[in-house]
Amino acid sequence: MNAPPLLVSFLSVEQYLRALPESLVAAHGETIRQLSSQGLPPVVSSRCLAILFGYSSKFSGALIRRPEQYYRTFSIPKGKKKRLIHSPRVALKIIQKWFGAHLADRISVHEAAFGFVKRRSAVQGAAVHCSARWIFSVDIENFFPSTPRNAVSEALTRIGYPPHGAAVVAKLCCYDGALAQGSPASPVLSNLLFKDVDDALADLAAEHSIRYSRYADDIVFSGTRPFPDGVRERTKAIVESGGWRLSGDKEFFAEKPNRLKVFGLLVDGEVPRLTKGYRNRIRAYRHLIDNHRVAPDDMPRLLGHLAYARSVDNQGEETG
């Protein structure tokens with residue numbers, strides 16, 4: 001699903017404003033012009049949003065008052081556990097996709113963040129740590145569901161949204177009071193909210209002359225000298241100061257000659273590499289495809305794995 005244009009079906013801000021009642025233009029016209037001029041989705045009220053998307057005011061009001069009714073909930077495997085997904089239904093998903101895509105084009109994301117950022121990837125994030133002596137990584141526990149709606153509103157007001165518009169966006173993009181695990185807007189909003197923590201973690205890395213990168217909820221440090229004292233404790237304190245918690249069972253430390261792995265890739269050499277086990281899977285997938293033994297429903301998944309493997313190999317060629 002592609003995101004609608006910034007003004008959806010309207011060709012200009014003035015055309016959109018002409019479609020609004022005079023009372024809404026008087027109340028929100030200047031803010032709509034200001035947000036649009038900055039390339040930000042012009043969300044200022046539920047009624048204005050309804051007219052922008054061609055929804056009825058009654059329907060858009062229901063989306064905001066009772067957003068949980070417009071999700072489909074299911075679980076997917078995540079390692080040995082399962083992750084609960086709240087997937088928005090089409091009308092809500094269109095708004096979330098539109099908002100997230102245009103917000104992503106306009107906000108500043110920390111240079112150490114590699115997840116959900118255009119022209120950045122997990123492979124590039126892993127490359128930060130190549131030729132390291134040791135790796136230390138931690139995971140944020142329930143990253144999206146532990147990011148509260150009020151924090152989303154506050155972050156949006158800091159980049160120029162009026163309080164009421166920020167509250168509307170937060171309600172539309174959250175499930176049960178927090179970022180929805182399954183909303184297309186959650187990734188970019190999480191990067192926006194986490195920027196101050198990224199700043200602090202990057203400062204910690206610079207203080208000790210070590211490296212830092214993050215992919216979604218996966219935080220990684222590495223270095224070429226001995227692991228500095230206090231990094232583990234200060235990382236925990238920094239993340240918790242932002243309102244999140246670290247997952248106690250996902251802390252990882254490895255030092256050469258043991259295997260060093262970041263975001264699923266080996267980083268003990270000059271470029272990121274696939275693990276031996278993953279390369280074996282890729283060979284098996286190619287064999288199945290070449291021999292026409294893949295069900296049509298499974299083909300996109302296998303082709304995705306092959307494309308990822310090529311991207312890792314290409315990253316190595318470019319770096320080399």
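I began with burial: 47% of the 320 residues in the protein are buried (under 20% relative accessible area with a 1.4 Å probe, protein chains only; exposed is over 50%, partly exposed in between). The model is predicted: local features need pLDDT of at least 70, side-chain atom pairs count only at pLDDT 80 or more, and totals for chains, interfaces and linings use all residues. Residues are numbered from 1 along each chain as its sequence is written, and side-chain values use heavy atoms, with hydrogens and water left out.

Next I looked up the overall build. The protein has twelve helices and ten strands, taken as DSSP runs (helices H or I, at least four residues; strands E, at least two) and numbered from the N terminus. The C-alpha trace spans about 70 × 55 × 35 Å along its principal axes.

I then went to helix α5, residues 90-106. From first C-alpha to last, its 17 residues reach 25 Å, close to the 24 Å expected at 1.5 Å a residue (1.5 Å times one less than the number of residues). Among the buried residues of α5 are Leu92, Ile95, Trp98 and Phe99. An α-helix has 3.6 residues a turn, so residues three or four places apart point the same way.

I checked the backbone in the loops. Ser131, between α6 and β3, is not a glycine, yet its phi is positive, about 65 degrees. Ser131 counts as partly exposed, at 35% relative accessibility. Asn142, in the loop between β3 and α7, also has a positive phi, near 50 degrees. Asn142 is exposed, at 52%.

Last, I noted a cis peptide bond from Lys256 to Pro257, with omega near 15 degrees. Pro257 lies in the loop between β8 and β9.
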